[in-house]
Amino acid sequence: MENQVRTSLESAPPALASHYARIQLLVDSYGEDLTAYQSSTAGPAPREAPRLDNAALEESLEQIRAWLTDTCQDRR
């Protein structure tokens, strides 16, 4: 997933770059947290499993959808 997000960020129009960058940060942070969690479960008191910030992800995706709708809708 990280590679797909990175590819999307690299090819995104400038108007969408910040939204893809935010998604990339969310995915990278979640991956790092998940790796740390999996390493810590061998210890005596595992912490709560990490969660992807779905609200932040959806917010960024909504901005991308809105831009695509506004930009591409009349180009048929």
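Predicted model: local features only at pLDDT ≥ 70, side-chain atom pairs only at ≥ 80, totals over all residues.
Helix α1 spans residues 2-11 and packs against α2 at an angle of about 165°, the two axes lying 9 Å apart. Angles over 145 degrees count as roughly antiparallel, and α1 and α2 are therefore roughly antiparallel to each other. Their crossing is left-handed. On the α1 side the contact is made by E2, V5, R6, S8 and L9, which meet A17, Y20, A21, I23, Q24, V27, D28 and G31 of α2.

The crossing of α2 and α3 is left-handed. From α2, the residues A15, L16, H19, Y20, R22, I23 and L26 meet A56, L57, E59, S60, L61, Q63, I64 and W67 of α3. This contact divides into 10 nonpolar residues, three polar and two charged.

The largest nonpolar core consists of 10 residues: V5, A12, L16, Y20, I23, L26, V27, A56, L57 and I64. Two or more of these residues come from each of α2 (14-40) and α3 (54-72), and α2 makes the greatest contribution, with five. Within this core, L57 touches I23 and L26, as well as L52, when residues up to four places away in sequence are not counted. Y20 and I23 of α2 take part in the contact with α1 and also in the contact with α3.

Key
Residues numbered from 1 in each chain as written. Heavy atoms only, no water. Core = buried A, V, L, I, M, F, W, Y, C linked by side-chain atoms within 4.5 Å. Buried < 20%, exposed > 50% of the residue type's maximum accessible area, 1.4 Å probe, protein only. Helix = DSSP H or I, 4+ residues; strand = E, 2+ residues; numbered from the N terminus. Contact = heavy atoms within 4.5 Å. Left-handed = near helix turned anticlockwise from the far one by under 90°. Nonpolar A, V, L, I, M, F, W, Y, C, P; charged D, E, K, R; others polar. Axes fitted to C-alpha atoms, helices over the stretch in contact; angles between N-to-C directions. Parallel < 35°, antiparallel > 145°, perpendicular 65-115°, else oblique.
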